[in-house]
Amino acid sequence: QVQLVESGGGLVQAGDSLRLSCVASGRSFRSVGMGWFRQAPGKEREFVAAISWSGGSTYHVDSVKGRFTISRDNDKNTVYLQMNSLKPEDTAVYYCAAGNWHSPATRSKVAENLYDYWGRGTQVTVSS
């Protein structure tokens, strides 16, 4: 079992930055791949970014490439999502998730069913 708790969301203006954190507890954090997803009002949850267990491989969806960066600190059992140049369309509840996969092929880790554990989410609201 892995328990995940997100933090760092809030209300910001367009162009601002936020850093989301997700702290994991339970089984070894180093053995799981991690991802960030988001769900905007009235829309389905969508993939944002993934990172391999070592942090050596990352993948970001096109809509956030160059603005968002996923990273992890295995000593702190924490995964981060640095979000810069935020846009109103980034408004959503952001979820972190952990998956029992060890492949560095993070580009293929976009499906929700590849993730076994989920946090409760943190709200990010970007005003124009």
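Predicted model: local features only at pLDDT ≥ 70, side-chain atom pairs only at ≥ 80, totals over all residues.

Me: Which strands do Cys22 and Cys96 lie in?
Reply: Cys22 belongs to strand S3 (residues 18-26) and Cys96 to strand S9, so the pair ties together parts that are 74 residues apart in sequence.

Me: Are Cys22 and Cys96 buried or exposed?
Reply: Cys22 is buried, and Cys96 is buried as well.

Me: How many disulfides does the structure hold?
Reply: The structure holds 1 disulfide.

Me: What does S9 pair with, and in which sense?
Reply: Strand S4 (residues 33-39) pairs with S9 in the antiparallel sense over 7 bridges. Strand S11 (residues 122-127) is also an antiparallel partner of S9, over 3 bridges. Strand S10 (residues 117-118) pairs with S9 in the antiparallel sense too, over 2 bridges.

Me: Where do side chains point along a strand, as a rule?
Reply: In a regular strand, they alternate between the two faces of the sheet.

Me: Now to Val126. Which strand is it in?
Reply: Val126 is found in strand S11.

Me: Why does Val126 count as buried?
Reply: Its relative accessibility is 5%, and the cut-off for buried is under 20%; therefore Val126 counts as buried.

Me: Which residues is Val126 in contact with, leaving aside its neighbours within four places in sequence?
Reply: With those neighbours set aside, Val126 is in contact with Val12, Gln13 and Ala14, and also with Leu86, Lys87, Pro88, Asp90 and Thr91.

Me: And what separates the C-alpha atoms of Val126 and Glu89?
Reply: These C-alpha atoms are separated by 7.6 Å, while the two residues are 37 residues apart along the chain.

Me: A change of topic: where is Thr78, and is it buried or exposed?
Reply: Thr78 is found in strand S8 (residues 78-83). With 5% relative accessibility, Thr78 counts as buried.

Me: What does the side chain of Thr78 reach?
Reply: The Thr78 side chain reaches the backbone oxygen of Lys76 at 2.7 Å.

Me: Finally, the whole chain. How many helices and strands does it have?
Reply: The protein chain has 0 helices and 11 strands.

Me: What is its radius of gyration, and what would a compact globule have?
Reply: The protein chain has 13 Å, which agrees with a compact globule of 128 residues, for which the radius of gyration would be near 14 Å. The C-alpha trace spans about 40 × 25 × 25 Å along its principal axes.

Me: And burial, contacts and surface?
Reply: Buried residues make up 45% of the 128 residues. Of the contacts with a separation of 6 or more, 60% are between residues 24 or more positions apart. The protein chain exposes about 6300 Å², of which carbon and sulfur atoms supply 47%.

Methods. Residues numbered from 1 in each chain as written. Heavy atoms only, no water. Pairing = 2+ DSSP bridges. Helix = DSSP H or I, 4+ residues; strand = E, 2+ residues; numbered from the N terminus. Buried < 20%, exposed > 50% of the residue type's maximum accessible area, 1.4 Å probe, protein only. Contact = heavy atoms within 4.5 Å. Disulfide = S-S within 2.5 Å. Polar contact = N/O pair within 3.5 Å; in protein donor to acceptor, adjacent residues only side chain to side chain. Rg over C-alpha atoms; globule rule 2.2 N^0.38 Å. Areas by Shrake-Rupley, 256 points an atom, 1.4 Å probe, with all protein chains shown as cover.
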